[in-house]
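This report describes one protein model, going from single residues to the whole chain.

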Amino acid sequence: MRFGLDWHGVIVDPDDLTIRLAKSMHNALLIPQDCTTSKGERVMGRCYSDMVRFVESSGLLRGYSLTPGLKEAVDEWTADGHLLYVISTLDPEYVTSALEVLKEEGVLFNGGWICAKGIPKHIAARRIGLDLLIDDDPSNVKDALDAGIDALLFDRACNRDADPALPRLYGWADRKKYKL
């Protein structure tokens, strides 16, 4: 099977770095539930999006922490013969750097796929033949499911109010309840 994993919120946990930068750069107090573009902009205005773009265009991606259990899940899936891809809307240089960081951490993916601006992830997932999309954005998961692509919502504080009918992955250890 071919799996696509979103970078922010699935492969790495951006909340800690985002909260620290909001405080140091803008003296703004964020909580993990605020760490989405729409919620962050309600708290900080455009400063939130500007700060995220700053992180994405700089070498700060090494400041992110891998989500707990990711390496074990990737190792298991790779041993089972699955192909794993980073799927992201971030710019190509950033995704290339992200793949390098993952390699340095011993977390090996088969490649990265960048969704061009305006191309929804479920369209990109179909184009590259993904069997499963794992994302922390409820709209991406819903769109994939509606398009006939298996998808799981990776649980984060910022998506806890999402549709409870969406299949949810409560951390990497939870993967064992799904037949992947």
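Asp150 is partly exposed, with a relative accessible area of 48%. On this scale buried means under 20% relative accessible area, exposed means over 50%, and partly exposed lies in between, with a 1.4 Å probe and protein chains only. The model is predicted, and local features need pLDDT of at least 70, side-chain atom pairs count only at pLDDT 80 or more, and totals for chains, interfaces and linings use all residues. Residues are numbered from 1 along each chain as its sequence is written, and side-chain values use heavy atoms, with hydrogens and water left out.

Asp150 belongs to strand 7 (residues 150-154). Helices (H or I, at least four residues) and strands (E, at least two) are DSSP runs, numbered from the N terminus. Apart from neighbours within four places in sequence, Asp150 is in contact with Asp131, Leu132, Leu133 and Leu145; contact means heavy atoms within 4.5 Å. Between the C-alpha atoms of Asp150 and Val12, which are 138 residues apart along the chain, the separation is 21 Å.

## Helix 7

Helix 7 covers residues 138-146, and Asn140, Val141 and Ala144 are buried in it. These residues cover an arc of only 100° around the axis, which puts them on the same side of helix 7. The arc is that of the directions from the helix axis to the C-beta atoms. The buried residues of helix 7 pack against helix 6 (121-127), strand 6 (132-135) and strand 7. After helix 7 comes Gly148, with a positive phi near 85°.

A positive phi also occurs at Asn27, a residue other than glycine, where the value is near 50°. Asn27 sits in the loop between helix 1 (15-26) and helix 2 (37-44). With a relative accessible area of 58%, Asn27 is exposed.

## Strand 1 and its partners

Strand 1 (residues 2-6) has four of its five residues buried, so it is largely enclosed by the rest of the structure. Strand 1 pairs with strand 4 in the parallel sense over five bridges; two strands pair if DSSP finds at least two bridges between them. Across this pairing, Gly4 stands opposite Tyr85 in strand 4. Strand 1 also runs parallel to strand 6, and three bridges join them. There, Phe3 has Leu132 in strand 6 as its bridge partner.

Strand 4 (residues 83-88) also contains Ser88. Ser88 is buried, with a relative accessible area of 2%. Not counting residues up to four places away in sequence, Ser88 touches Trp7, Val95, Trp113, Ile114, Cys115 and Lys121.

## Aromatic pairs

Three aromatic pairs are found in a search of the whole structure. Rings of Phe, Tyr and Trp (its six-membered ring) pair if their centres lie within 6.5 Å; planes under 30 degrees apart count as stacked, over 60 as edge-to-face and the rest as tilted. Two of the pairs are listed here.

| Pair | Ring centres | Planes | Class |
|---|---|---|---|
| Phe3 and Trp77 | 4.9 Å | 85° | edge-to-face |
| Trp77 and Trp172 | 5.8 Å | 80° | edge-to-face |

Phe3 and Trp77 are both buried. The relative accessible area is 2% for Trp77, and for Trp172, which is buried too, the value is 1%. Ring pairs link Phe3, Trp77, Phe154 and Trp172 into a cluster.

## The whole chain

The protein has seven helices and eight strands. Its radius of gyration is 16 Å, close to the 16 Å that the globule rule gives for 180 residues, so the protein is as compact as a globular protein of that length. The radius is taken over C-alpha atoms, and the rule is 2.2 Å times the number of residues to the power 0.38. The C-alpha trace spans about 45 × 35 × 30 Å along its principal axes.

Of the 180 residues, 45% count as buried. Among contacts between residues at least 6 apart in sequence, 60% join residues at least 24 apart. The protein exposes about 9100 Å², of which carbon and sulfur atoms supply 53%. Accessible areas come from the Shrake-Rupley method with a 1.4 Å probe; for residues, only the protein chains shown count as cover.
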